[in-house]
Amino acid sequence: MSKLEHYGVRGIALLWFKNYLTNRKQYVNFNGIMSHTCTLRYGVPQGSVLGPLLFIIYTNDFQECLASSKCIMFADDTTVYKTGSNIKNLFNLMNDDLSSVDQWFKANKLTLNVGKTRYILFNNNRSNNIELDYIYSLGLKINNLAIEKTDCMKFLGLNIDEKLNWGNHIKSIVSKISKSLYIINATKTLIPKNLKLSLYYSMVYTYINYGVLLWGNTYQYNKNNILKLQKRAMRCIKNTTYNAHTDPLFTEFNILKFEQIVKLDTLKFMYKIVNDMLPENILNKFILNKEIHTHNTRQKLDIHINPTNTQVAYNSIIFQGPELWSKLSDDVKNSLIFLSFKNKLKRYLNESQ
């Protein structure tokens, strides 16, 4: 109630919430046997429409307990992160913040399942293994319980590894698509082409397209693995031989190859950057050439490409996005509305396959 009041819910509205939350009852019914009724002293009614909203309000001040770290909160999934050049100092500061996190949980009558909590250290290949072994021996703790280290973790459906090479995520995608192709292959003589195309988009394309903006600009051998599965899907849809040439099939079905899908999503993102259609914290990651120099060149309205000397940086959207945008024709770039841009772009990419 005090948090609701702090956020501006007062007067009759606050009394309404108090009435809604106070003296709620619950019981368990199992196979016709009903437990005794219990009064809820904490939390919100389970399964209620207001439950998720009230939970977000209740946990909204979590970030205030962090002195040096930042956090990403999505529903009940919370990630605390920090960057630094001194790895020992990094662990010490994170442990300090985790101590504050523990206090916040206790003050808010919440519990953290440490057994389900993991930490990952993103680092490059030049890290000193002896130093890392020493730091790992210190570890991270919360409520005096050690947090397990992992080299790969799932974050909002993406498998992120400590080297940021997306190898684990692509293995996961390849496995899922392979299972989907088994179903498509089993039905290739039983259903018409339009239904097989629907199966492709619902059981193959969805896995390829999810988050591809982040992981799609990856190493060539990773791209080849996904393209092979796409080709197999084309042959299943056409019901042709296992070694049939697939380029005509991609054209016939108006389906983009993996590399073109990556370019499509990347360039749609860049169009939104150029036309200020994204949140400011994302727009601030990119700057125009005219902000770097005052020369009246044809590229002054293009996004500045920062030089890079690492493969991870080269594969990132920060580098690949501006580079792809600079190579795009003016006719496509200058589209006045997003839908027109998307249609022109898809035709352009289809022709370039």
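This is a predicted model: local features need pLDDT of at least 70, side-chain atom pairs count only at pLDDT 80 or more; totals for chains, interfaces and linings use all residues.
Is Asp 133 buried or exposed? Asp 133 counts as exposed, at 54% relative accessibility. Here buried means under 20% relative accessible area, exposed means over 50%, and partly exposed lies in between, with a 1.4 Å probe and protein chains only. Asp 133 sits in helix α5, which covers residues 129–138.

Residues are numbered from 1 along each chain as its sequence is written, and side-chain values use heavy atoms, leaving out hydrogens and water.

## The whole chain

The chain holds 16 helices and 12 strands. Both are DSSP runs numbered from the N terminus: helices are H or I with at least four residues, strands are E with at least two. The radius of gyration is 26 Å, well over the 20 Å that the globule rule gives for 353 residues, so the chain is more spread out than a compact globule. That radius is taken over C-alpha atoms, and the rule is 2.2 Å times the number of residues to the power 0.38. Along its principal axes, the C-alpha trace spans about 65 × 65 × 50 Å.

Buried residues make up 33% of the 353 residues. The chain exposes about 22400 Å², and carbon and sulfur atoms supply 54% of that area. Accessible areas come from the Shrake-Rupley method with a 1.4 Å probe; for residues, only the protein chains shown count as cover.

Now the contacts, meaning heavy atoms within 4.5 Å. Take those with a separation of 6 or more: residues 24 or more positions apart account for 57% of them.

Charges come next. There are 44 positive and 26 negative side chains, and the centres of the two sets lie 7 Å apart. Lys and Arg count as positive, Asp and Glu as negative; His and the chain ends are not counted. The place of a charge is NZ of Lys, CZ of Arg, CG of Asp or CD of Glu.

## Helix α2

Helix α2 runs over residues 12–21, and its residues Leu 14, Phe 17 and Tyr 20 are buried. Seen down the helix axis, the buried residues fall within an arc of 120°, so they line one face of α2. The arc is that of the directions from the helix axis to the C-beta atoms. The face turned away from the buried side carries the exposed residues Ile 12, Leu 15 and Asn 19. What covers the buried residues? The cover includes α1 (2–6) and α3 (51–59). Just after α2, Asn 23 takes a positive phi of about 60°.

Trp 166 has a phi near 65°, a positive value in a residue other than glycine. Trp 166 is found in the loop between β12 (158–161) and α6 (167–186). Asn 254 also has a positive phi, about 55°, although it is not a glycine. The loop between α10 (247–252) and α11 (258–274) is where Asn 254 is found.

## Accessibility of selected residues

| Residue | Relative accessible area | Class |
|---|---|---|
| Trp 166 | 13% | buried |
| Asn 217 | 8% | buried |
| Lys 193 | 39% | partly exposed |
| Asn 254 | 40% | partly exposed |
| His 245 | 57% | exposed |

## Where three of them sit

Asn 217 is in the loop between α8 (212–215) and α9 (220–238). Which residues does Asn 217 contact, leaving aside neighbours within four places in sequence? They are Val 262, Thr 266, Asn 315 and Gln 320. The C-alpha atom of Asn 217 is separated by 35 Å from that of Ser 137, 80 residues apart along the chain.

Lys 193 belongs to helix α7, residues 193–209. Not counting residues up to four places away in sequence, Lys 193 touches Ile 237, Glu 252 and Phe 253. Lys 193 and Phe 253 are 60 residues apart in sequence, and their C-alpha atoms are 9.7 Å apart in space.

His 245 lies in the loop between α9 and α10. From C-alpha to C-alpha, His 245 and Arg 347 are 22 Å apart in space, and they are 102 residues apart in sequence.
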